[in-house]
Amino acid sequence: MKKTITLFTLLFTLYLNAQSFIDEITFTFGIGTSRSEKLDDSTTGNVNLLFNSNNHLFGLHYESGSKLITLSNNPDKYSVANILYGRNFQIKDNFSIELLSGLGIFNYRSYDFTDGKDVNTLNVPVKGNLVFHLNDGNWIDKLGIGISSSVNNQNIVTSFLFLVQFRL
C-alpha cells in the first residue's frame, strides 16, 4: 500500500510540474503493415502518448503486429514498448515532421511445428511521422503517415502506418 501511495504521489507531482512546461499532450493511434526478416507481411497497430514542450517530444510507444490470416492457430507475432524522445519540425502552417528515437523492450514470439520461441531483448526505435494539422476545434487534431523501425538483435521490424492523432 505504501508503494502505491508513493507512486501515486510522485506521478501527481510530476503531472502538476509538467503543466508549467508542456505545451500539448497528444494520443496517436496508427494501423498499417510491417515487414521483417522473420515476419513477411504483418498487420500492425501502435499507440503513442506524446508530450510536446517547445517542439521537444517526450513519449511512450507501444506497437504490436502479427499475421491476421494463417494456417496455424498461433501466428508469429511481435510487440514493442518504448520510451521516446524527439523533435517536431514545422514545415508549413498545416504540415510538420516528428522525428523520434528512444529505448525499450522488443518481444518476439515464434511458433513452428517443432518448437516455440519467446524472446525479449533491448530495442532502439527510430520513428518518423509526416502529419497534417486539421482545423482547431476538431476532436481529431492531426492525420498522417508514419514509418518506424525497431532495431534489436532478434528481428528488425519496419512498419508503415496511417496515423490519427487526438489532442488531450
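**Exercise 1.** Classify the contact between the side chains of D118 and R109.

Solution. Start with the criterion: a salt bridge is a side-chain nitrogen of Lys or Arg within 4 Å of a carboxyl oxygen of Asp or Glu. The N to O distance for D118 and R109 is 3.5 Å, and the contact is a salt bridge. The model is predicted: local features need pLDDT of at least 70, side-chain atom pairs count only at pLDDT 80 or more, and totals for chains, interfaces and linings use all residues. Residues are numbered from 1 along each chain as its sequence is written, and side-chain values use heavy atoms, with hydrogens and water left out.

**Exercise 2.** State how many salt bridges the rule gives.

Solution. The count is four.

**Exercise 3.** Locate the partners of R167 in E24 and D141.

Solution. Step one: R167 and E24 form a salt bridge at 3.0 Å, N to O. R167 lies in strand β8 (residues 157-167) and E24 in strand β1 (residues 24-36), 143 residues apart. Strands are DSSP runs (E, at least two residues), numbered from the N terminus.

Step two: D141 and R167 also form a salt bridge, at 3.0 Å, N to O. D141 belongs to strand β7 (residues 140-151) and R167 to strand β8, so this pair ties together parts 26 residues apart in sequence.

Step three: salt bridges with shared partners join E24, D141, K142 and R167 into one network.

Notes
Helix = DSSP H or I, 4+ residues; strand = E, 2+ residues; numbered from the N terminus.
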